[in-house]
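Please keep the sequence and the 3D view at hand while reading.

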Amino acid sequence: MVTTTAQAPTTPQEDPLATPAPVQGAAPQADAPDPFDGPVMPGHLSPSGAAVYRQCPRRWKLRYIDKLPDPKGIPALVGTFAHKVLEDLLALGPEERTLDTARVMARDLWPATAADSDFVALELDAEDQRRFKWKAWLAIEGLWELEDPKKVVVRATEQRIDVHLDGVPFLGVVDRVDVEHDGIVIADYKSGKPPKPRYEGDKLDQVVLYAAAIEQAFEERPVRARLLYLGARTIEVDITEAALAEAVGGLSNTWSQLLADCEAEDFAPRVGPLCGWCPYAERCPEGKAEVTRRYARGLLTPAAPAVAAIID
Ligand code: SF4
């Protein structure tokens with residue numbers, strides 16, 4: 001039988017808990033700062049992260065630095081489900097991209113969505129689940145109102161890109177990279193309402209950034225980028241030097257401001273109507289006051305999630 005005997009330290013310095021610590025230097029004094037304190041810097045920026053920061057720096061901090069949960073509501077889950085079905089559909093050969101195939105795919109994918117923790121947390125009854133399915137199906141079916149999927153030449157779906165744009169570590173997932181007669185085209189599905197014309201440019205920023213990232217990653221500049229508002233309309237932009245410079249410049253500015261906030265550990269609240277849909281309103285004094293004020297004036301619907309969380 002082999003027995004082992006622990007070796008007793010021969011000198012006090014060999015005790016790893018000795019003071020001073022043997023390797024790492026002096027043991028912390030009672031007034032030493034918390035070693036885990038200090039700025040936390042983000043590793044990358046995605047278009048959605050940049051949009052959250054521009055909407056409200058504090059909301060960005062709570063989500064991306066503190067990593068507090070941001071559960072998806074019905075619209076986001078409908079969008080995720082429709083995206084998944086269309087991703088799988090467009091990965092098939094052109095002749096297989098039919099409504100019947102999409103319906104079968106939706107049926108097969110449904111159990112996974114129904115079991116998703118965000119979906120379960122919604123606690124939808126049978127009637128609400130039926131309505132959810134209809135919303136998702138109308139979004140899926142809405143692709144045929146915008147284009148004939150059989151005629152789309154797809155180079156890639158769900159293309160992940162991880163590049164540096166003007167020094168910003170950029171991370172994104174492109175729904176589709178298509179091939180058209182004059183070059184490659186970025187396409188991104190949207191299941192919400194299309195924006196008013198004056199906001200179209202802001203919305204298209206996301207796909208212009210994807211175009212910049214695709215060019216960086218594959219050394220091929222897309223000719224166009226478009227948003228497919230399922231069941232509604234398409235908006236698109238030509239990819240020019242000026243369009244790329246504006247979108248990447250905006251991203252770079254956001255990144256600089258965001259890093260300055262991280263260094264200072266100071267993230268200003270930006271109150272407004274969207275506080276009513278902020279998952280962190282309860283823990284944000286300014287946002288809580290804004291939700292209370294807006295609700296009292298009839299400016300926020302009782303259905304807004306923050307109203308339900310804050311107002312008794
Ligand atoms: S409640 Fe309003 S101000 Fe507070 S974090 Fe959310 S969006 Fe920002």
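## Basis of the description

A residue counts as buried if 20 or more other C-beta atoms lie within 10 Å of its own, as exposed if 12 or fewer do, and as partly exposed in between, with C-beta atoms placed from the backbone. The model is predicted: local features need pLDDT of at least 70, side-chain atom pairs count only at pLDDT 80 or more, and totals for chains, interfaces and linings use all residues. Residues are numbered from 1 along each chain as its sequence is written.

Helices (H or I, at least four residues) and strands (E, at least two) are DSSP runs, numbered from the N terminus.

## Domains

Domain bounds come from an automatic or database domain assignment. That assignment gives domain 1 (74–149), domain 2 (153–254) and domain 3 (273–310). The centres of domain 1 and domain 3, taken over C-alpha atoms, are separated by 31 Å.

Helix α4 (residues 99–115) contains P111. P111 counts as exposed because it has 9 C-beta neighbours inside 10 Å. From P111 to V163 the distance is 35 Å, C-alpha to C-alpha, and the two are 52 residues apart in sequence.

## The sheet

Two strands pair if DSSP finds at least two bridges between them. Five strands make an open sheet in the order β1-β2-β3-β4-β5, and the pairing is mixed. β1 and β5 (233–238) are the edge strands, each pairing on one side only. On average, neighbouring strands of this sheet are turned by 35° against each other, direction ignored; the axes behind this angle are lines fitted to C-alpha atoms, for helices over the stretch in contact, and angles run from 0 to 180 degrees between N-to-C directions.

## Strand β3 and its partners

How many residues of strand β3 (residues 183–190) are buried? The count is 7 of its 8 residues, and the strand is thus mostly covered. Strand β2 (residues 168–180) runs antiparallel to β3 and is joined to it by 5 bridges. The two strands form a hairpin with 2 residues between them. Across this pairing, D178 stands opposite V185 in β3, and R176 has A187 as its bridge partner.

With strand β4 (residues 224–229), β3 pairs in the parallel sense over 6 bridges. Here Y189 stands opposite L228 in β4. Together with helix α8 (residues 200–218), β3 and β4 make a right-handed β-α-β unit; right-handed means that, with the strands pointing away from the viewer, the path from the first strand over the helix to the second runs clockwise.

## Two loop residues with positive phi

D166 is found in the loop between β1 (154–165) and β2. Its phi is near 50°, a positive value in a residue other than glycine. D166 is partly exposed, because 14 other C-beta atoms lie within 10 Å.

E219 has its place in the loop between α8 and β4. Its phi is also positive, at about 55°, although E219 is not a glycine. E219 is exposed, because 7 other C-beta atoms lie within 10 Å.

## Around the ligand

The ligand is surrounded by 14 residues, the closest being C56, C275, C278, C284 and G287. A residue is near a molecule or strand if its C-beta atom, placed from the backbone, lies within 6 Å of it. Helices α2 (57–65) and α10 (285–296) each supply at least two residues of this shell.

The shell divides into 9 nonpolar, 1 polar and 4 charged residues. Ala, Val, Leu, Ile, Met, Phe, Trp, Tyr, Cys and Pro count as nonpolar, Asp, Glu, Lys and Arg as charged, and the others, Gly among them, as polar.
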